[in-house]
Amino acid sequence: FLLIRMSHPPGYVFAPPDLVAERLKKMQVISSLPSTCGNCGKGLVDKAQPAIRETAEGSIFSYCMGPDGCSGSFQLYKAPDRRVPKWMKVCPYTPSDHAVYGSACVHCGEGGAYHLASNRPDGWTISGYDQIPLPANWPLWNKNTNTWSNVK
């Protein structure tokens, strides 16, 4: 593939999540966890499994597992998207013979196999992501104890 430069597309503005505000939202959810299902209103209690769980990316769900419950789930908190896209400008493959994929590109002369896929006509593509780190005081779920740390 032909790499032209790495930066970002014209007009693209990255808006990182406000992790201070997100921490406050998450803390509000943790401090007022429901005891009843948000779907059917029955009790969430199940002695075998925790009824409130956090996913790997940080969202919090309640699961209706009590007697006569609906077995449904209810999202209490949606984790912020902390991915920062890494943009790359590549040659926007335009075959010289539109009937034959793989024919030489009108821009660079290389075949289709030498180009990265880009769904943007200007040739910009996301080559990967970096993660914004969580603050040191971010509430973290411990699946062994079914509790959060940093909740003060």
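Student: How many helices and strands are there in the protein?
Tutor: There are one helix and eight strands, where helices (H or I, at least four residues) and strands (E, at least two) are DSSP runs numbered from the N terminus. Keep in mind that this is a predicted model, where local features need pLDDT of at least 70, side-chain atom pairs count only at pLDDT 80 or more, and totals for chains, interfaces and linings use all residues. Residues are numbered from 1 along each chain as its sequence is written, and side-chain values use heavy atoms, with hydrogens and water left out.

Student: What pattern does the protein follow along the sequence?
Tutor: Reading along, you get β-α-β-β-β-β-β-β-β.

Student: Why is the protein said to be more spread out than a compact globule?
Tutor: Because its radius of gyration is 24 Å, well over the 15 Å that the globule rule gives for 152 residues. That radius is taken over C-alpha atoms, and the rule is 2.2 Å times the number of residues to the power 0.38. The C-alpha atoms fill a box of roughly 65 × 35 × 25 Å, taken along the principal axes.

Student: OK, sheets now. Which strands form the open sheet with β3?
Tutor: The order is β2-β3-β4, with antiparallel pairing; two strands pair if DSSP finds at least two bridges between them. The edge strands are β2 (52-54) and β4 (73-77), each pairing on one side only. From one strand to the next, the twist averages 30°.

Student: How many bridges join β2 to β3?
Tutor: Three bridges join them. As an example, Glu-54 has Ile-60 in β3 as its bridge partner.

Student: And where does helix α1 lie?
Tutor: Helix α1 (residues 19-31) lies across β2, β3 and β4, and runs at about 135° to β4. For such angles, axes are lines fitted to C-alpha atoms, for helices over the stretch in contact (heavy atoms within 4.5 Å). The angles run from 0 to 180 degrees between N-to-C directions.

Student: Switching to Ser-62: buried or exposed?
Tutor: Ser-62 is buried, with a relative accessible area of 2%. Buried means under 20%, exposed over 50% and partly exposed in between, using a 1.4 Å probe and protein chains only. Ser-62 lies in strand β3 (residues 60-63).

Student: Which residues does Ser-62 touch?
Tutor: Leaving out residues up to four places away in sequence, Ser-62 touches Pro-34, Leu-44, Ala-51, Ile-52, Gly-72, Ser-73, Phe-74 and Leu-76.

Student: What percentage of the 152 residues count as buried?
Tutor: For the protein, that's 31%.
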